[in-house]
Amino acid sequence: AQTFGGILSALVTPYRADFSLNEEIIPGLIDHELAQGVAGFYVGGSTGEAFLQSPEERGRLIAAVARAAKGRGTLIAHVGTIATEDTLRIARSAADAGFDAVSAIPPFYYDFSAAELIAHYKALAAATPLPVVVYNFGGRTGKLGPNEIMQLLDDPRIIGIKHTSQDLFQLERFKAHRPDAVVYNGYDEMCLGGLAMGADGAIGTTYNFMGHLFVALYKAFQEGRMAEALALQKRANRVIEVLIDVGVFPATKGFLKLQGFDCGECRAPFRRLDAKDWQKLEACAAEFLN
Ligand code: NAY
């Protein structure tokens, strides 16, 4: 079993030119990211374009990553969907593949009540032998507020949260409520802020291609070299500014391609990169990513 915490890459899902799952490239991609020092992978999350895939594809991706990782690094599968039944099915793929934990976004779109959302997580925790990490993304999801999250954290099968929110006060309160919970910071551009407020680690999109910067930041933070940690965050944020301008997920795949890993483009409705985007990415990589 792996420990939790540290810098985890929210892994992209590689596609071929026809947008089918490219399983062949996964071993090389996993090696490339582990070589940057990341502690593991969050598979099939927002970055992994989970909501543009079928449950069957998500299961195949999970299995392919486990085969490629060969026990190196912590593996968390994002199994969230808006249908409890599909979430349980993807969670079975994660347990079968030997993952360390599952994580799930609360069901969205419909106006589900807080009780329904809690019941969804309880059903997941009961159905899987794996520990559960709640994906707190209040900006995109409904009624799973801080009180409901505290209530979920009282369940020993629910071991932590991925906090994708700028509210670091809330992050600190979750950790204070359950000190042994693992709390992952979710916005890369505020990684240092999350760590300063008590996060045990961070899960993020940009760790796919600049994991080395954040691994160095994490180490500097742990060793109390704060000026260095801030300098690394600032350097990363110059890149993230370009990323947001171009489109976070398409640009992430663009940077990976510049590093030699052609993961294809994102599925529609995400846009394709044009010549101007490539110019921006190339200039940014030359300045900040070498
Ligand atoms: C996921 O499931 O892939 C994540 O949530 C990773 C966290 C990312 N947040 C979102 C909303 O996708 O890494 C961040 C984010 O892309 C980054 O901070 C840029 O804003």
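Biologist: Ala, Val, Leu, Ile, Met, Phe, Trp, Tyr, Cys and Pro count as nonpolar, Asp, Glu, Lys and Arg as charged, and the others, Gly among them, as polar. How do the residues of the shell around the ligand divide?

Modeller: The shell holds eight nonpolar, seven polar and three charged residues. This is a predicted model, in which local features need pLDDT of at least 70 and side-chain atom pairs pLDDT 80 or more, while totals for chains, interfaces and linings use all residues. Residues are numbered from 1 along each chain as its sequence is written, and side-chain values use heavy atoms, without hydrogens and water.

Biologist: Which residues come nearest to the ligand?

Modeller: Of the 18 residues around the ligand (a heavy atom within 4 Å), Thr47, Tyr135, Lys162, Asp188 and Glu189 come nearest.

Biologist: What does the side chain of lysine 162 do there?

Modeller: An N or O atom of that side chain lies 2.5 Å from a ligand oxygen, a polar contact (N or O atoms within 3.5 Å). The side chain of threonine 205 likewise places an N or O atom 2.7 Å from an oxygen of the ligand. Serine 46 uses its backbone, with a polar atom 2.8 Å from a ligand oxygen.

Biologist: How much of the ligand does the protein cover?

Modeller: The protein covers 95% of the 470 Å² of accessible area (Shrake-Rupley, 1.4 Å probe) that the ligand has on its own.

Biologist: Changing topic, what is the overall size of the chain?

Modeller: The C-alpha trace spans about 50 × 45 × 35 Å along its principal axes.

How values were computed. A polar contact is a pair of N or O atoms within 3.5 Å; within protein, one must be able to donate a hydrogen and the other to accept it, and residues adjacent in sequence count only if both atoms are side-chain atoms.
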